[in-house]
Amino acid sequence: MSDVPLLEVKGLKVHFPVTQGLLQRSTGSIKAVDGLDLFISQGETVGLVGESGCGKTTAARAIIRLERLTAGQVIFDGEDLGRLKGERLRRIRRKIQMVFQDPYASLDPRMKVGAIVEEPLRVHGLGTAPERKRRVEELFEVVGLNSYFAGRYPHELSGGQRQRVGIARALAPNPSLVLCDEPTSALDVSIRAQIINLLEELQERFRLTYLFIAHDLAVVRHISDRIAVMYLGKIVELARGDLLYECSRHPYTRALLSAVPVPDPEVEARRERVVLSGDVPTPDNPPPGCHFHTRCATVMEICREEEPHLVEVAPHHWVACHRN
Amino acid sequence: MPKLLEVNGLKTWFFTRNGVVKAVDGVSISLSEGEALGLVGESGCGKSVSAMSIMRLIPQPPGRIVHGQVLLEGKDLLSLSEDQMREVRGNKIGVVFQDPLTFLNPVLTIGRQISEAIELHMGMSGQQARVRVVELLDKVGLPSPGQRFGSYPHQLSGGMRQRAMIAMAISCNPRLLIADEPTTALDVTIQAQIVNLVKDIRRELGMAVIWITHDLGVVAGLCERVAVMYAGRIVEEAPARDLYKNPHHPYTIGLLRSTPRIDKGRTAELVPINGMPPNLLDPGPECQFLARCTFVGDRCRQEAPDLRVIGEGHRVACWVNVRESQT
């Protein structure tokens, strides 16, 4: 792991306008991502966790420029992706690939699996036809699929096999950064472990860097070096996995961690649970001040008025809370 | 404690054009008054079909309960008429599903839907029922219950809808609550709220719970007993502490080893179960876990094992003594 970050995200904002009426008057905006700072070093896995609607997927889509940035910078390998266009953007995008959550929706049902894996190679004009064919076979082997699957359609495959296809497609153009967006959420327990282990193996073998997005904290804890916790479009805490688990400083992180059940009745009986009241507020009208103050048990006056910034409270431990 | 529910040798098969799908193939469970049982397994293992069979909600055709007994307070539900069965549903057994949005009627208010059941089963007037519904909505923790009475399902968040479903399920003080993956679609912090709510209600009303889930974690803190299902059968059943500490079936062991734990760090090893769950279409006589098992013996290929007792309340369906073969 080197100290030069492979990816650096600075003050990223993605707002979606809300329009109304015949004239499409803009009546406000949904602040899906609202000031996100993050860096990922070469070979590292950073986990991004948070509940549905907190903006984790939008953040990933913005990094790969599938969403327009409202503000902020995404610097990959020294280049600002936000300023790139056309051919140069395409070339650098080859280095960033994505694995999607839903292996049913993210594979074209009318394409054979082999063609799906080959597509990124064709799009980026990599290799001749026979070379591409060989590469596809190699990729199938790499993700643990028998090469006869290449001639099948996605519906003939199980969920786990489809996710392997999704991973093979992501690896095809030899990326350095892979954005994994809930890659195991749609899978059954016994299959999930297969895919997690595969991702770890591939990381070691191809020196990949991962941004691993999931709502399942236990999975994220298992796979990540560092973990960023998101709440309503912002990172509220960022630290090494063990540090985050053992001495989390943000009340939301604590609640989130304590809400994850442990498959062990003896541990469960001893655990203290911080149960949050209420639901996550909507991102079109987030509460003023600290977004979390409506559900926070230790709220202070300042929290209702002023937004806390992400501050390094201990080496490599960042927290956005007025209590720190 | 007297037995509240006894399911004996339940078999629910689906007769399709391609053959017989043995979704539930010989399930026996029993539940005492006030007890909570976790029914754990992966998609397609038959846990929901088992619950639906207890409620007699299997679409027929193609499904049919071909064998078994479902005794609720000693009465066989499978021999009741449809009218008598309607008395049982809602009244004696409440049910909560994974996706409340498909279960709730989108054009009726929450209040109307809950009071319907109360008026029907408890013979209350509309006015009395309304009071009771507001009480129930308050009990399940819906904010401003008086107003929520007039809300439509789409106006509530996922967690609030699930609370409304629970209010409906417990509206007639059932003896048994069947919860079919009630928190799977919810975020963890909301899941924790719902689990706590069910714990509280259970304590208060003294009702028994069958909690169906794929997540070994959720039931660990909630249920006294856990049964693990695989391919239409229960493969292991034990008091919760015993099951997690001394799992005997290779599948249970596999599930536990392949589940990441929040209290274990980056270095903890995950051991996945190889292969995939079997197709339940016309299964053979062999043990259905055979293809994924690491302890296979000769007998496993010939005959599927029945549950045998190996300890206090601990039953396992496996020919191999996994504990001995490990040492």
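Q: Which residue forms a salt bridge with Asp264(A)?
A: A salt bridge is a side-chain nitrogen of Lys or Arg within 4 Å of a carboxyl oxygen of Asp or Glu. Here Arg261(B) is the partner of Asp264(A), and their closest N and O atoms are 3.7 Å apart. This is a predicted model, where local features need pLDDT of at least 70, side-chain atom pairs count only at pLDDT 80 or more, and totals for chains, interfaces and linings use all residues. Residues are numbered from 1 along each chain as its sequence is written, chains are lettered from A in the order in which they are written, and side-chain values use heavy atoms, without hydrogens and water.

Q: How many salt bridges are counted between chain A and chain B?
A: The count is two.

Q: How many residues does each chain bring to the contact?
A: Contact means heavy atoms within 4.5 Å. Chain A brings 46 residues and chain B brings 42 residues.

Q: What area is buried between chain A and chain B?
A: Buried area is the accessible area (1.4 Å probe) that two parts lose on being put together, summed over both. For chain A and chain B the value is about 3800 Å². Carbon and sulfur atoms give 57% of that area.

Q: Which element supplies the largest share of the side of chain A that touches chain B?
A: Helices (H or I, at least four residues) and strands (E, at least two) are DSSP runs, numbered from the N terminus. H6(A) supplies the largest share, 10 residues.

Q: How much space lies in the second largest pocket?
A: Rolling a probe the size of a water molecule over the atoms shows where empty space is left. On a 1 Å grid over the protein atoms alone, a pocket is an open set of points where a 1.4 Å probe fits, with protein on both sides within 12 Å along at least five of seven lines; lining residues have an atom within 4 Å of a point. Points are joined across faces, edges and corners, and a volume is the space filled by probe spheres set on them. The second largest pocket holds about 580 Å³. It has 23 lining residues, and among those closest to its centre are Arg89(B) and Phe103(B). H4(B) gives the most to this lining, with five residues.

Q: Where is the cis peptide bond with omega of about -10°?
A: That bond joins Gln60(B) and Pro61(B). Pro61(B) lies in the loop between helix H1 (47-55) and strand S4 (63-72) of chain B. The bond from Pro61(B) to Pro62(B) is cis too, with omega near 10°.
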